[in-house]
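This report covers strand pairing and aromatic contacts in the model shown below.

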Amino acid sequence: MKKFIILLLLPFFMACGGTDNHEANITIVKQYVDAVEALDYDAMENLLAENYEGYGPSAGDTIHKATAVESWKKSVDELYEKISYSRSQFAGVTIPEGPNKGDWVANWAELQISYKDGRSATIWVNTNYKIEKGKIVKTMTFYNEADVLEQLGYVFIDPDNI
């Protein structure tokens, strides 16, 4: 009888294991978001795997760990005064097959960015984080770059109308 009960409960415990993995991965991403808000590039670096690759927001934008960390250091020193996430939502998902197979965490958020020159921008951003062995190995980030540039005072001109 005990073996029968264990066999009945086994699928339940296996399903819970997946949920626990998603929760652990969400915690990692929340730590990364906290590091971004604190402008703590050392903490950010510690959460990225050595083989980290970041993509986006534009097609062709690719960055690796060393470049990502250097970029953040420069941005913290020269560009950003403050970054705040609000309306942030997290979801864990496992992609079972294909080139992006693995455990992912999606984060949808509204970011308020204050720049050192006094300007600011509000961005609706979606970043997807692939997690392996407790580290972020890949990110895919999407937001409307043109909207941000307009908020910062840039003007788009059609070269055919000059």
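## Sheet and aromatic pairs

Four bridges connect strand β1 (residues 48-55) with strand β6 (residues 135-142), and the two run parallel. Within β6, Lys138 is the bridge partner of Glu53. Strands pair if DSSP finds at least two bridges between them; helices (H or I, at least four residues) and strands (E, at least two) are DSSP runs numbered from the N terminus.

This is a predicted model, in which local features need pLDDT of at least 70 and side-chain atom pairs pLDDT 80 or more, while totals for chains, interfaces and linings use all residues. Residues are numbered from 1 along each chain as its sequence is written, and side-chain values use heavy atoms, without hydrogens and water.

The open sheet has six strands in the order β2-β1-β6-β5-β4-β3, with mixed pairing. Because β2 (62-64) and β3 (80-95) are at the edges with a single partner strand each, one side of each has no neighbour in the sheet.

Three aromatic pairs are counted. Rings of Phe, Tyr and Trp (its six-membered ring) pair if their centres lie within 6.5 Å; planes under 30 degrees apart are stacked, over 60 edge-to-face, the rest tilted. Two of the pairs are tabulated.

| Pair | Centre distance | Plane angle | Class |
|---|---|---|---|
| Tyr32 and Tyr129 | 5.9 Å | 65° | edge-to-face |
| Tyr80 and Tyr115 | 5.7 Å | 40° | tilted |

Tyr80 lies in strand β3 and Tyr115 in strand β4 (residues 102-115), so this pair ties together parts 35 residues apart in sequence. Trp72, Tyr80 and Tyr115 form one aromatic cluster.
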